Amino acid sequence: MKKYYLFLLCFIMGSCGPKPPSPTDSTAKTNNTYWYGSGVVRIDDDTDYQKTARTRAGVKIAEQLKVEINSSIIDMQEAYGVGLSAKVNEYNKVTIESRVNTTLENIEYVDEFKKKGNYHVVARLNKQMYYEKIRKEVEQASTIAMDLINNLEPGPSIISLSNYLKAVKAINPYLDQYPKGAYNGRDEQIYPLLLRLFRENNDRMEIAVKPDKPIIRAFLDENVSLSITVVDNHNNNPIPNVPITVTWKGKTESSKVITNEKGKATFVLDRHWVVEKNQVLTLEIDYESIMIPEVEPMVDFTPTTKELNVDVVGPKIFLSSHIKNMGNNITDSALPAAVKKHFIDYFSSEFVSRRNQAELELKMEVTTFEKTKRMNEDYPHVIYGNGIIELIDISNGDQILSNNIKSKGGDFSSREIAGVRAIENLGKKFDNKDLFGNKND
């Protein structure tokens with residue numbers, strides 16, 4: 001009898017103790033086995049209430065997953081020193097959304113019922129299944145990345161750099177899982193391995209230019225060729241197919257070349273490459289063709305560059321100008337001074353007083369004319385100016401450049417004053433540094 005009472009007492013006490021949460025209870029909470037989420041919707045407010053309630057339950061699970069993934073990504077960033085830039089944070093969002101969306105396919109709906117006009121759904125996601133799925137994806141991504149690394153020929157190349165970027169892309173969604181791979185007989189974390197290989201290969205590329213102190217005579221030299229070579233600075237072997245961006249004028253203008261199978265490329269300064277003296281050329285290996293946008297913020301490196309000065313030797317120019325205002329010769333115009341200033345400032349030129357001292361002749365013909373007479377005294381005289389500019393190589397008579405510029409001027413009292421103003425306005429045209437298209441064609 002005593003044993004019976006003891007058993008009954010234990011049963012009663014056990015019944016009164018706390019119960020483990022039931023997976024079919026709408027208040028079920030996440031535990032070591034599952035993530036739980038519940039969704040509720042008013043039946044009267046939604047014709048597809050079951051779908052809406054299930055979606056809301058999935059969203060609750062997704063929110064928990066996002067917190068966990070984001071936390072592990074931040075830990076990874078701190079461990080790898082990736083940083084928290086805007087671009088990296090954008091990568092985080094994409095990674096989290098992608099990871100969550102593929103994971104939610106495995107959600108189970110463990111309880112659905114109607115209560116007081118509402119439709120309730122309880123969903124859960126098995127943690128073991130989630131981690132096993134991620135493990136397989138990390139393993140697959142790691143295999144892809146290591147294949148890209150191990151199948152490369154030794155030595156730096158654009159193909160090698162491209163493969164390293166592709167390998168980063170492969171493991172990019174799983175960096176917080178610290179994927180590993182076998183490299184040279186050792187297990188290594190793949191991401192820092194890729195950063196090291198990328199930087200080492202990039203740093204081994206060296207740009208050389210001949211001549212190292214180029215000189216060009218503005219307008220006169222038909223072309224000046226710069227021989228560009230990219231080599232491996234460990235063994236001096238040439239590196240083919242390297243794209244190079246050449247920039248000048250404060251990096252406002254640029255051109256691109258690519259090395260051939262011998263690691264060589266040519267950049268030509270033609271006679272229209274006329275800029276300020278001591279112009280700096282910057283040559284930089286261009287990664288635009290191989291760079292992957294989502295990978296770029298994860299790869300911190302300094303592109304290989306080379307700088308050299310180009311000495312622009314200004315030509316000696318003789319100016320011959322003929323300016324007529326309404327048929328009369330003008331000798332006191334400020335226009336010639338404006339023209340000289342333009343060619344001195346933007347073409348490194350030197351003006352001489354005698355033609356036999358010059359290499360180039362700058363011919364300027366300016367006339368003014370009236371298209372239509374004014375209607376009455378309430379209207380101004382409107383006079384148009386027309387200027388023709390030619391630059392001639394004195395040695396052979398070749399025309400190097402020409403331009404036609406137009407303007408107009410007005411005055412109520414005099415056609416001649418209106419013509420003078422038209423000529424003055426022609427002079428203002430020479431404030432534009434690109435009037436003659438002074439850039440590398």
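**Close-up views of the predicted model**

**View 1. D393 sits in strand β18, residues 381–393.** Strands here are DSSP runs of E with at least two residues, helices are runs of H or I with at least four, and both are numbered from the N terminus. This is a predicted model, where local features need pLDDT of at least 70 and side-chain atom pairs count only at pLDDT 80 or more, while totals for chains, interfaces and linings use all residues. Residues are numbered from 1 along each chain as its sequence is written, and side-chain values use heavy atoms, with hydrogens and water left out. Is D393 buried or exposed? D393 is buried, at 11% relative accessible area (buried is under 20%, exposed over 50%, partly exposed in between; 1.4 Å probe, protein chains only). Setting aside neighbours within four places in sequence, D393 is in contact with L220, E359, L360, D398 and I400 (contact: heavy atoms within 4.5 Å).

**View 2. An open sheet has three antiparallel strands in the order β1-β3-β2.** At the edges are β1 (34–42) and β2 (108–115), each pairing on one side only. Strands pair if DSSP finds at least two bridges between them. From one strand to the next, the twist averages 15° (angles run from 0 to 180 degrees between N-to-C directions; axes are lines fitted to C-alpha atoms, for helices over the stretch in contact).

**View 3. β2 pairs with β3 (residues 118–126) over seven antiparallel bridges.** Here, E108 stands opposite R124 in β3.

**View 4. Helix α2 (residues 49–80) lies across β1, β2 and β3.** Helix α2 runs at about 145° to β1. Helix α4 (residues 127–150) also packs on the sheet, touching β1 and β3, and its direction makes about 50° with that of β3.
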